[in-house]
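Subject: Handing over the structure

Dear colleague,

Please find below the sequence and the structure that I promised to pass on to you. Once you have had a look, you can read on for my notes on what was found.

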Amino acid sequence: MNEPHHGISRRDFLKLVGATAGAASLTGCLPPKADRLIAYVNPPNDDIVGLSTWYASTCGECPAGCGIHVRTREGRALKVEGNPAHPVNKGTLCVRGQASLQGLYNPDRVPGPKWKRGGRWLDVKWDDAIWMFHEKLAAVGGAAGAIQFWTGGETGTWNALLDEWCGAHGAERVAYEPFDYAPVREAAKRAFGTGTVPIVDPSKAKYLLSLGADFLDTWGSPLAQARGYDAFHSARGGVMGKHVQVEPRLSLTGHSADEWIGIRPGTEGVLALGLAQALGGGGSGYELARVAQDCDIPADTLARLVKELQDNRPALVLGPGAGGSGTNATETWAAVFYLNRVLGAVGTSLLPSPGYDMGNTVSFRGARQAVQRLQSGTVKLLLVHNTNPAYWIGNATGFAQAASKAEFKVSFSPYYDETAALCDLILPDHHALESWGDAEPVKGVRGLRQPAMRPVFQTRQTADVLMGAAKASGGTAAAQFPDATFRDYLIRRWGGNADQFNALLTKGGDLPAELPAGGGAGGGGGVPAIAPPAIAGQGDFTLYAYPHPYHADGAGANKPWLLEMPDPVTKVAWDHWCELSPDAAKKLNVDYGDVLSIDSGNGKVELPVAINPLMRPDVIAIPTGYGHGEYGRYAQGRGVNLFDFLPAAEDQASGGRAFLSTRVRVANTGKTWTLVHTGGPGRQMDRAVARAIPLALVGAAPAKPAEPVGEPTPAGTDMAHGPAAGPEGTPPFLTMPTFRDRTSQLNGLHEKELAKDAWQPPTGYNQYNRAHHRWGMAIDLSSCTGCSSCVTACYAENNIAWVGKQNMVRGREMAWLRIERYYEDVDGGTEARFVPMMCQHCGNAPCETVCPVYATYHNPEGLNVQVYNRCVGTRYCSNNCPYKVRAFNWFDYDCWVSPLDWQLNPDITTRSKGVMEKCTFCLQRIREQKDIARDESRDLRDGDITPACAQGCPTQAITFGDLADPNSRVTKAAQDQRSYHVFRDLNTLPSVTYLKKVSRRIQKETAVPAEAEVEA
Amino acid sequence: MARDTGLTYRKINDDIISIGHRVGKKWLIVFGLDLLVLTFGICCWLYQLFVGLGTTGYTRPAMWAIYITNFVFWVGIAHSGTLISAILFLFRAGWRQAIYRVSEAMTVFAVMTAGLFQLIHLGRIWFFYWLIPYPNQRQIWVNFRSPLVWDVFAVSTYFTVSAIFFVVGMLPDIAAMRDRETGLRKKLYTLLSLGWRGTSRNWKHYAQTYIYFAAFATPLVLSVHSVVSWDFAMAQNPGWHSTIFAPYFVAGAIFSGMALVVTLIVPIRKAFKLEQYITDWHFDAMAKLILFTGNIVTYSYLTEFFIAWYSGNPYERHAFWDRAFGPMGWAFWIMATCNCIIPQLLWSRRNRTHIPTLYVITLFVNVGMWYERFVIIVQSLNANFSPWVWRAGYKPTIVEWGITAGSFAWFFMYFLLFVRFLPTFSITELKEILPRPFRRRKEKAA
Amino acid sequence: MRRTHFLSLLILTVAVAGALFGLRSMADVQVAGQPTSPGDQADSLRNALEGVKQAQQGQAPGQPIPQFSHKIHAGDNHIPCLYCHIGADKSPVARVPAVSTCMGCHKLVGTDKPGVILLTQYWNRQQAIPWVKVNDVPDHVRFTHERHVQAGIACQTCHGEIQTEDHVKLAHTLNMGFCVTCHKARLNDPVHATSLDCATCHK
């Protein structure tokens, strides 16, 4: 059963009855259990029981190789956070990085070496497994090409070791990843002579034209790009570059764009050349008229683009991501690079050298050739590590059938993935968080990886296994690997000085402050030519296959967090879906959840529909990463495997896989599927939840001050709560007197006045006003890209249960923090606005007054606290919460299937059934920092405390701090002209201040009826 | 206002006291079925207890639904009882004598049922006692600002008072039964009659106590349901946050209560041939009251909609639009039909006194009033402030229906026992309205 | 749907189980002094089978090394508490001494005593000593030794006159009332003012 248990089956029930009856009769009159105190036998010297220990390491989820800090308690990894010293992510972390913990503790990991006999996996001892491996190696005896070693795209020492090892054993290495940027690298080789993926830094550009690159989500190195993009686009200081997204289907990146233009897929290159020519970049035959026709973009729009590019140099242009790369992908990118030269972006915001190293991956073509060799039967021994060809190119190349030709097949996969299932022996590798290693995503940025904890399962690091094998084989191979362990090998490559090495470990590696920017390397060349993409198949829809934001190439598909979290664009969770434009949906007469049959000629699948407001009507978009046949209880049987569905087409020049390669027939099956789709109508119904301010007004003194000091009390408020002048310059709504709140003093309200604002328990609670802080948060909607990293971070930090599809259909998700995504009709189309919505910690909280047992109450530091084990579950608080951010435990969710429960944060309880829960502003982190400050006998400094959500945010959109301190960043942010409160007219006086999104597309702020009436 | 119904003191004693003996097999069958339903309800509840509230259809935003609906419904039912027995007594409305015992019983049992739902809807019922203020080692108190705490007080007070009122009122009748009965029943009645001997002192105290409790219970009729209404009015949800709620709920309560009284009395009257005691005159009076309160309720509905529009408050406007024409609008229209349109039939005297018609109408009213609460609770919650969580996702599950059915069974269990073992009609007061015997002899003499 | 077909079977069994269930969740509440959620039914069953009881006030449960005595260590020999319970002054948790810590002395001291022999056996097996917890607070409580120790609260305030005890006994039922009483008393303490904010202890 791939979902948490809700309701109980007959058998379980009988068990339960038995157990309960037993428990009742036995323990009914016994006291509860006394725990055992299990102390260390030999305590490690760096571990103080009860305090967390942090290890610097490198994330292993994708080739971007971000630096991470892993929090451990009593030897268990609990939380992954970004390493501020790492130039790639600078302390931020993406969804996948946050969720790597669920890879580490995944219940479907291979617990130890396995040997397949008669189609069943038998446990074997490591020694035997290793012996078996050695035997097979010996049998092959180093004959050239007899061993084929499939690996992922690796960098750094591990990559070197692999090559060395393969060399020593005459093994052929095939490094394959589905999203290997082959076209980009090929084009870069032609244009700049580099062969890497250029570093992109929008902050240096004035104008950003993305021809389909989803660079805030799945393309390139999203964290680094998001950081640059924020500087480019968040309009701090009133300057805001313009971002135009040109793509067939509105991507997450498109949501942040100032303008979205639909384009016929595959014609991005033509557009680039057309623009280049129009901008006087030479070339011929690409007059705007023709371009307009090819790309199906109005000519005047193109003319406008040209003008804007003309006026805003340097302008950065990006090409299509995987979804848009057809058989002409390389030419397309070549054209894009050419246009960048014309626009002067190369060397400023487009930095080709050194660029991101994707590892020496062979392209799709290379993989196919390898499979043919496999097919030919010359390969005796097949080794697979950290790659999953059976899932990625199974259909395209007949990998499974070919693999069966090899005599013996060994997988080093930590998971039972599709390829491991074909093998005879699994020697499970450590998870990245358990391993030694390093990564060099960009030449000169060398991040170290160290184990944050002892292995969860009986696994061994493949590097050690290989070195062991080499030793065993004796001869030259043995000589090449003198080191006892991979760690020693690592140290040797890092200069051989163990102390130095350890010093670097604590820093996270040998890290420059900034990403190295070699500027525009050589190369150059003339105007590239471009052919239209070859798109096979019949039908009126072009299939646009794009990488799923969380599951990407399918690696994330077995992590409940990632399945439960709604997709940032469609807000669909747990299910696989296909996206249609509203027009197409109308034409086919389908709506959310209606099942379509999609026929590509060489295959037919059925998927439920999700509607994407901005899409070309002749495109159907489907994310990859679903449809696993193996890989684990959560991933299996969910959706379809798009890699298999796509035809085996490739980009001529680079040999990279052409994902944009087929047309499909689409028909309405008339069936419907209960699709989990959060987000109600998706519109904000004029309720001013997500507000925006015209760019023109930014910086300019607003007509009406955002929140004038000492404004009259909103109608129907008690004076004791009503706004009063704050301390110097602080808008009143921030230091609002709250029930027995220190801030009441700040507002010079007399104790007596407070006393009368509510009944006070006779237990000295009024001593509260000794508190010195008023915690608050500011969220800049201009910076938020909706990536949902904060949501995962929140799940990881706060032991939030995931509830599974059945319950999500009922709207019972437990998320304390959700990203509300609203579409707004503005002139020139639709504008998307993201609002991270969590408990607002209202100064005047509706939930507090209605709780009969004080389970929720106001704390002296302005926090709205929920005391879980005082809660009796009347749910009145949730009914009275206008933001609906409280989550109720409808069941005892047993979703922490061991060992997932190892990840639980000991600083917070897990909530039992019948209890209300909600965001706490990460109270435990506040406490931790207070303790540290007190130990150092100092006051808390601004920025000491960062809640989980704020910590990981790629654009640092979330600021947390002390509103009672007029100089704190959060106070400053809250005083910003753009600041506002959601549902301010309800006078809930939230502690969370939002900063209006800066929009190019609106001339004036949309009126807020409800508020207007209050402020009139 | 004595009316000659050809009754004599003796006949009254015979008729009323014999009811308990006249029930026969039918009673057993009905009672058995009732217990069966009750058991099912209990099982559903236990299942919910084990597995969690998730076994209901509850969801965000509809965190309250059928259980609170039932709570309000039963509290409402309770009201007419006290109205008839206390207020009408103080106003000396003659037609109450025949029916007030039944309605009092109904009151007590209805409150007992309502109380259950306060507990059933808790997420952690095993801590229900935290809602009661008492000195404890934790040294914490309940939150007196919370309407739910007011509820606890209101309901418990109401139950205590109406129960005492009920018992005290029965004293002389029980004594009368004691004097008739033998064996076990005699023992029981001896116990219950608290040594009543019918002396003038007894009667004097009885009369005083009765008036006293009547006076004491009267304000409760208004207060209790006002408090219940504040569960909603004190919250700020659109559709709840309204000053009209208290009077509106009280009227609704009496409306539904009277309806249920009729629903209960008609079968009893038929089964035990009490046409002489409960005449068209009584039904006519009750029907008028139903019509009157029904129209108040209707008026309140209209006011709500008008204010929602007139206030210009976008939240309110949306809430009420959604209430009538939203995805769950059907519930609203059931309510409107049953509570506003159908009762209008009672304008004609023929309908008021034509028992079958009246009976069907009251059944509709019962349904309608249940839906009124459902509409107020579920639909208002669905149309809350935050569009992001809008979802008409609430669908009751078998567990909820089971517990609801169980609550009716629970109520009728008590009522059936009451009919079987206690004086279903007030012997004393029925006699009071008879012309005094010796005066009649005088008349003959003359 | 499971729920529905399950109901068909429900009629009798549940009634029984439910009654018992009701009993024991109440029992839990009374005995434990603080609320316990029914989530841990399975737990209590296991405990019952293990027969390990949580100490009642004044009780001293049996320990794996019965001879160990705080009286000898803390009382007679005046070894400071923090010598063994490292971290009590800098972490929420007062660490129970690691076996190595004990052996630090007992490699040489009293090697002939039965208790030490037991200890040595554990050491030789490199095995942790499964001490039975005497002083315990529920999981939803966040108690930090550090703050209390640093505020100069004597260990004895909560743990009783431990230096006089051969076998550690539960001096106070460490329930909410116990904490609150003390916190109230020191609410206006000039140096180490306490707080009555629920969030101070509830996590």
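Let me begin with chain C, where 40% of the 203 residues count as buried; please keep in mind throughout that this is a predicted model. Chain C contains nine helices and one strand, and their order along the sequence is α-α-α-α-α-α-β-α-α-α. Thr157(C) and Cys182(C) are separated by 25 residues in the sequence, while their C-alpha atoms are 9.8 Å apart in space.

Next come the charged pairs. As a general point, side chains of opposite charge can pair when their charged atoms come close. Over all chains, the count comes to 59 salt bridges, and I will go through a few of them.

In chain A, Asp907(A) forms a salt bridge with Arg71(A), and the closest N and O atoms of this pair are 2.9 Å apart. Because Asp907(A) lies in the loop between strand E35 (887-888) and strand E36 (916-917) while Arg71(A) lies in strand E3 (residues 67-73), the pair ties together parts of chain A that are 836 residues apart in sequence. The two partners can also be described by their accessibility: Asp907(A) is partly exposed, with a relative accessible area of 21%, whereas Arg71(A), at 5%, counts as buried. If you wonder why Asp907(A) is called partly exposed at 21%, the reason is that buried means under 20% relative accessible area.

In chain B, Glu429(B) forms a salt bridge with Arg96(B), with 2.7 Å between the closest N and O atoms. This pair links distant parts of the chain, since Glu429(B) is in helix H15 (residues 427-432) and Arg96(B) is in the loop between helix H3 (66-90) and helix H4 (100-120), 333 residues apart. Both Glu429(B) and Arg96(B) are buried.

In chain C, Glu165(C) forms a salt bridge with Lys169(C), and here the closest N and O atoms are 3.5 Å apart. Glu165(C) is buried, with a relative accessible area of 7%, while Lys169(C), at 33%, counts as partly exposed. There is also a network of salt bridges that links Asp931(A) and Asp935(A) with Arg142(C), Glu146(C) and Arg147(C).

Tyr310(B) belongs to helix H9 (residues 280-311) and, at 58% relative accessibility, counts as exposed.

I would also ask you to look at one histidine in chain A. His981(A) is placed in the loop between strand E38 (979-980) and strand E39 (992-995), and it is buried, with a relative accessible area of 2%. The side chain of His981(A) makes a polar contact with the side chain of Thr993(A), at 3.4 Å.

Finally, a few notes on the backbone. Most residues other than glycine have a negative phi, and most peptide bonds are trans. Against that background, the peptide bond from Arg313(A) to Pro314(A) is cis, with omega near -5°, and Pro314(A) is in the loop between helix H11 (299-311) and strand E13 (315-318). The peptide bond from Ser353(A) to Pro354(A) is also cis, with omega near 5°, and Pro354(A) lies in strand E14 (residues 350-356).

As for phi, Met685(A) has a positive value of about 50° although it is not a glycine; Met685(A) lies in the loop between strand E28 (676-677) and strand E29 (692-694) and counts as partly exposed at 38% relative accessibility. In chain B, Gln139(B) has a positive phi near 60°; Gln139(B) lies in the loop between H4 and helix H5 (147-180) and, at 24% relative accessibility, counts as partly exposed.

Key. Residues are numbered from 1 along each chain as its sequence is written. Chains are lettered from A and ligands numbered from 1 in the order in which they are written. This is a predicted model: local features need pLDDT of at least 70, side-chain atom pairs count only at pLDDT 80 or more; totals for chains, interfaces and linings use all residues. Side-chain values use heavy atoms; hydrogens and water are left out. Helices (H or I, at least four residues) and strands (E, at least two) are DSSP runs, numbered from the N terminus. Buried means under 20% relative accessible area, exposed over 50%, partly exposed in between (1.4 Å probe, protein chains only). A polar contact is a pair of N or O atoms within 3.5 Å; within protein, one must be able to donate a hydrogen and the other to accept it, and residues adjacent in sequence count only if both atoms are side-chain atoms. A salt bridge is a side-chain nitrogen of Lys or Arg within 4 Å of a carboxyl oxygen of Asp or Glu.
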